[in-house]
Amino acid sequence: QVQLVESGGGSVQAGGSLKLSCVASGVPYDVNCMGWFRQVPGKTREGIAGVFTAEGRTYYADSVKGRFTISQDNAKKTLYLQMSDLKPEDNAMYYCAAARAFCHTWFREELDPGYVAYWGQGTQVTVSS
């Protein structure tokens, strides 16, 4: 059984930082694209950062480039998202995801959620101005 369990969300003031974690278990060995999405009510889920776990190659959406960093600890089977210089527009539920795809294709298609095979339950990030 695949499980992706996020943690690290919370409330922070604008300009602050948070680090999200996603512990993965049971993920099939052929699923080697991981990423972070976010969603606000009434809007579609947005892919913001991805990593090709076998090579470390990364992708970032323009909305977070230069402020967010995706990383992984393969020994701990944990995916991270370091978020800095947070803005009110970063308010959202953040989801960890594992995609079954050629990662370069997934990156080129801006983390199309149609490729996602597994989702975490989400962790809320609230940024106050």
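Trainee: Which pattern do the disulfides of the chain follow, with bonded cysteines counted along the chain?

Mentor: This is a predicted model, in which local features need pLDDT of at least 70 and side-chain atom pairs count only at pLDDT 80 or more, while totals for chains, interfaces and linings use all residues. Residues are numbered from 1 along each chain as its sequence is written, and side-chain values use heavy atoms, with hydrogens and water left out. The structure holds two disulfides, a disulfide being a pair of cysteine sulfur atoms within 2.5 Å. When the bonded cysteines are counted along the chain, the pattern is 1-3, 2-4.

Trainee: How many residues apart are C22 and C96?

Mentor: A disulfide joins C22 to C96, with an S to S distance of 2.1 Å. C22 sits in strand β3 (residues 18–25) and C96 in strand β9 (residues 92–99), where strands are DSSP runs of E with at least two residues and helices are runs of H or I with at least four, numbered from the N terminus. The pair thus links distant parts of the chain, and the separation is 74 residues.

Trainee: Why is the disulfide of C33 and C103 described by a handedness, and which one?

Mentor: C33 and C103 are joined with an S to S distance of 1.9 Å. The torsion about their S-S bond is about -110 degrees, so the disulfide of C33 and C103 is left-handed.

Trainee: Are C33 and C103 buried or exposed?

Mentor: Buried means under 20% relative accessible area, exposed over 50%, and partly exposed in between, with a 1.4 Å probe and protein chains only. By that scale, C33 and C103 are both buried.
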